[in-house]
Amino acid sequence: MITLETIKRYFVFLIGLVLTAFGVALITKAALGTSPIAAIPYSLSLISGRLTLGIWIVIFNLTLVASQAAIEGRKCVKAQIMIEAALTFLFGYSVDAAMSLLWALNPASYAAKAAALLAGCCVISLGAYLEVIADVAMLPYDGFVRALSRALKKEYVTLRVFLDVTMSAAAAALCLIFLGGLAGVREGTAASALLVGSIVKIYARLFSGAANRIFPRTEEAAKPAGIPSGNLIIAISREYGSGGRNIGKKIAEALGVPYYDAELIRMFAQEGGYTEDFVREFDEKMTPSQYKLYSWYVPALPDRDKPKAERLFHIEERVINEIASRGSCVIVGRLAGHILRGHKNVLHVFITAGAEAKIRRVMARDGLTRGAARAQISKVEKERAAHCLYFTHTEWGKAENYDLSVKSDKYGIDETSSMLTAAAGRLAARISQLPPAST
C-alpha cells in the first residue's frame, strides 16, 4: 500500500533527481569536463554526435541496471530494478531538457567557466542532498555500486571512489583514442568529484532542522533526554603515551565511580551486533587519507552506504549516552566529551605530555625500540586527530576544545590525577548548588 509518507519521499527524491540532472548540464556547459557519473556518456556523445548526452546517459545507465541484475542474480529485487530503469529515462531526458534550457550558456573566459562549474556543483549537491534525505530510491549507478560492494564484500565508499576514477579514466581514454584530446574529462571532472560531498555537508548543516521535520529520524528518539544532575562525568582525551589511562583509573578510584575504557569495546560490539575485532579495527581510528575520502564522498551517501567507522560512531554515541545516564563515571577516549557536550556536569580533560616522556612510556609499556615507539605514537595520534576532526569538526588536542588541558610529565601521574580529581570535586560541588534544570 502506497502511503502519504512514500509519496512525500518520492516527491522530494524526484526534485533531487531533476536538480542533479540540471547540475550535470551546468557542469557540462562549463566546458571543463563533466561530472564522473556522466563522463563516459558525455565522451560518447562527443565521439558520436548523432545521439544526445541524455540518450547516452540512458544507454549507459540501462547497462548498469542490467549489470546490477546479473550481479545480484536470484537476490535481485525486480521492483527495484524496474524503478531504477524508469529513473534512468527520467534522468537522461532531464539532462537533455536542462541542456536545451542552457543553450545560450557558453562561457568564454576561464573565470566564467569556473563560475559555471561551481554553480553546477552547488546544484548537483542540492539534488544529491534531497535524494539522500528522501532515502526511497537510487539511481542505477548507486544501485550498481551497492550490488558490487555486497558481492565483493568491499566498503561502498571505497568502491565508489575506485569506480569513479575508473570511469573517468575510461572516458579519458575514449577521448584520446577517438578525439585526440581530453575534451570530456578535464579538471572540472576532478573538481566536481571533490566538491560535491563537501557542499552536501554544508546543505546538511543548513537544512538539518527542516529535513528532520519533514522526515523525522527515529534513532534520535532513542537517545537519553539528558544526564541526571547528580551524575558527574569525567571525559578524558589523551595523547598516546601520556598516561591518560592510568590517570583516568586513579580519578575513578578516588571518586569511587566506574571507569570505562577497554570494556567499551565489548559494549559497542554488543550494542551493534558486531564482533569485538570489528570494533577494535575502527575504534578511534581514521587515517588522514580516509578522512579526506570520507569528507569528499560520505555526505552525499544515504545512511545504509555510510562507512563502517561512521556506523560504529553512532553506536558509540548511544552507548556513551546510556552510560552517562546511569551515574557518575570516568570515560577514556571515544570522543565522549564531544558526545556529551552541552551538559553542565561533564568535565572534558585532555592529557598531553612531552615527546620524550611519551616515547619512554611506550617503550617500557609495549616493549618497543625507540624508533618503533616514535612511529607508533605518530601513527596513533594522526588517526585520533583525523577521527576527531571528522566526527566533531574540532581540532584534536587544541586547548580551547577542552575544559582542562594538562601535561602529565610536568606533574607526574599521581599529582595530575590529584589535581583533576580536585577539579572534578569542585565542579560537582558547584553543580549541586545550581537549581535543577526545568523539564
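1. Let's start with Arg 304, which is partly exposed at a relative accessible area of 40%. Keep in mind that this is a predicted model. The side chain of Arg 304 pairs with that of Asp 135 in a salt bridge, 2.4 Å from N to O. What links up here is two distant parts of the chain, 169 residues apart: Arg 304 sits in the loop between helix H12 (288–297) and helix H13 (308–326), while Asp 135 sits in the loop between helix H5 (110–134) and helix H6 (140–152). Asp 135 is partly exposed too, with 36% relative accessibility.

2. Next, have a look at Arg 186 and Glu 187. Their side chains make a salt bridge, with an N to O distance of 3.3 Å. Glu 187 comes out as partly exposed, at 34% relative accessible area, and Arg 186 is partly exposed as well, at 32%.

3. Then there's a pair inside a helix. Arg 360 and Glu 356 form a salt bridge whose closest N and O atoms are 3.9 Å apart, and that still counts because the cut-off is 4 Å. Both residues belong to helix H15 (residues 355–366), where they lie four residues apart, so about one helical turn separates them. Glu 356 is partly exposed, with 35% relative accessible area.

4. Some bridges share partners. One network built that way joins Arg 238, Arg 245, Asp 261, Asp 283, Glu 284 and Arg 334.

5. And the overall tally? How many salt bridges does the count come to? The total is 25 salt bridges.

Note on methods
Residues are numbered from 1 along each chain as its sequence is written. This is a predicted model: local features need pLDDT of at least 70, side-chain atom pairs count only at pLDDT 80 or more; totals for chains, interfaces and linings use all residues. Side-chain values use heavy atoms; hydrogens and water are left out. Buried means under 20% relative accessible area, exposed over 50%, partly exposed in between (1.4 Å probe, protein chains only).
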